[in-house]
Amino acid sequence: MTLETGVVSNTSGSSRVRLANTDILVGIKAELGTPAPDKDDKGRLEFFVDCSANATPEFEGRGGEELASEISNMLIRVYDCPGCVDLQKLCIIPKQQCWILYIDILLLECGGNLFDAASVAVKAALFDLKIPRVTVTQDEGHVELEISDDPYDVQTVDVKSSPCIVTLSKIGHCHVVDASQKEEACCLARLMLGVAEHGTITGMKKEGSGSLDPSSIDDMLDTGKRVGIALNKSLLESLEEEQRQGKKKGRTGFLR
């Protein structure tokens with residue numbers, strides 16, 4: 001897996017992940033908006049997935065819309081868990097103003113295991129995210145917001161508890177992770193898990209026409225937790241190492 005952050009300059013945070021022939025670009029834009037009525041003291045996450053027509057011939061026309069909807073719905077499901085992201089820190093004035101993070105995911109090339117790669121790219125982009133600091137002042141009953149234009153006066157998002165998706169594909173009597181396109185073609189059923197840092201499952205979804213017996217599901221859950229913990233640990237270590245390197249790190253971004 002090849003991972004790079006900060007690849008799109010006009011976003012608040014971005015990343016690019018390449019996993020074999022799968023290539024995904026994520027950009028996050030932070031904008032002020034109104035909190036959701038049922039979560040009036042929290043910020044919001046909005047996921048949008050776009051499948052490039054060049055990624056695979058199947059995406060020409062409106063062919064990629066169903067897959068894009070599945071990926072965005074799965075990301076919404078695994079992130080809709082208390083503790084994944086501290087959304088209260090994104091709230092500026094309860095019931096009035098909050099930060100809304102628009103997370104755009106672009107599938108540039110499809111080579112299998114899209115859900116897992118997309119979740120890694122989203123977590124990396126959230127790690128790279130820098131939100132301007134906002135100062136709230138009250139003058140004669142009017143509330144004014146002052147957004148800092150200092151590029152170093154920013155707040156970041158803690159992604160340690162953010163999940164990565166682990167997809168387990170059932171092939172015959174066995175199950176595999178990080179399936180290739182050919183392996184996915186042989187798979188009749190798969191289980192997708194959102195796994196956080198310490199093995200907490202934040203979301204789960206079963207796909208495919210095949211059935212899964214309870215003993216298989218238990219084995220797949222154990223494997224998913226083990227792989228998810230290792231993936232989260234390796235990802236955070238790589239992101240922190242890249243952050244330490246700062247401007248010294250080599251740039252390979254294709255948009256530079």
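Mentor: Let's start with a word we will need: contact means heavy atoms within 4.5 Å. The model is predicted, so local features need pLDDT of at least 70 and side-chain atom pairs count only at pLDDT 80 or more, while totals for chains, interfaces and linings use all residues. Residues are numbered from 1 along each chain as its sequence is written, and side-chain values use heavy atoms, with hydrogens and water left out.

Trainee: Which residues of α1 meet α2?

Mentor: Helices (H or I, at least four residues) and strands (E, at least two) are DSSP runs, numbered from the N terminus. From α1, Leu 67, Glu 70, Ile 71, Met 74, Leu 75 and Tyr 79 take part. Their counterparts in α2 include Leu 114, Phe 115, Ala 118 and Val 122.

Trainee: At what angle do the axes of α1 and α2 cross?

Mentor: Axes are lines fitted to C-alpha atoms, for helices over the stretch in contact, and angles run from 0 to 180 degrees between N-to-C directions. Here the axes come within 11 Å and cross at roughly 55°. Angles under 35 degrees count as roughly parallel, over 145 as roughly antiparallel, 65 to 115 as roughly perpendicular and the rest as oblique. α1 and α2 are therefore oblique to each other.

Trainee: What is the order of the strands in the open sheet?

Mentor: Two strands pair if DSSP finds at least two bridges between them. The 4 strands follow the order β12-β11-β13-β14, with antiparallel pairing. β12 and β14 are at the edges with a single partner strand each, so one side of each lacks a neighbour in the sheet. From one strand to the next, the twist averages 20°.

Trainee: How many bridges join β13 to β14?

Mentor: There are 6 bridges between these antiparallel strands. Arg 190, for instance, has Glu 207 in β14 as its bridge partner. Two helices pack on this sheet: α1 touches β11, β13 and β14, and α4 touches β11, β12, β13 and β14. The direction of α4 makes about 45° with that of β13.

Trainee: How many residues does α4 have, and how far does it reach?

Mentor: The expected span of a helix is 1.5 Å times one less than its number of residues. α4 has 32 residues and reaches 46 Å from its first C-alpha to its last, close to the 46 Å expected.

Trainee: Which residues of α4 are buried?

Mentor: Buried means under 20% relative accessible area, exposed over 50%, partly exposed in between (1.4 Å probe, protein chains only). Among the buried residues of α4 are Met 220, Gly 224, Asn 232 and Leu 239. What covers the buried residues includes β1 and α2.
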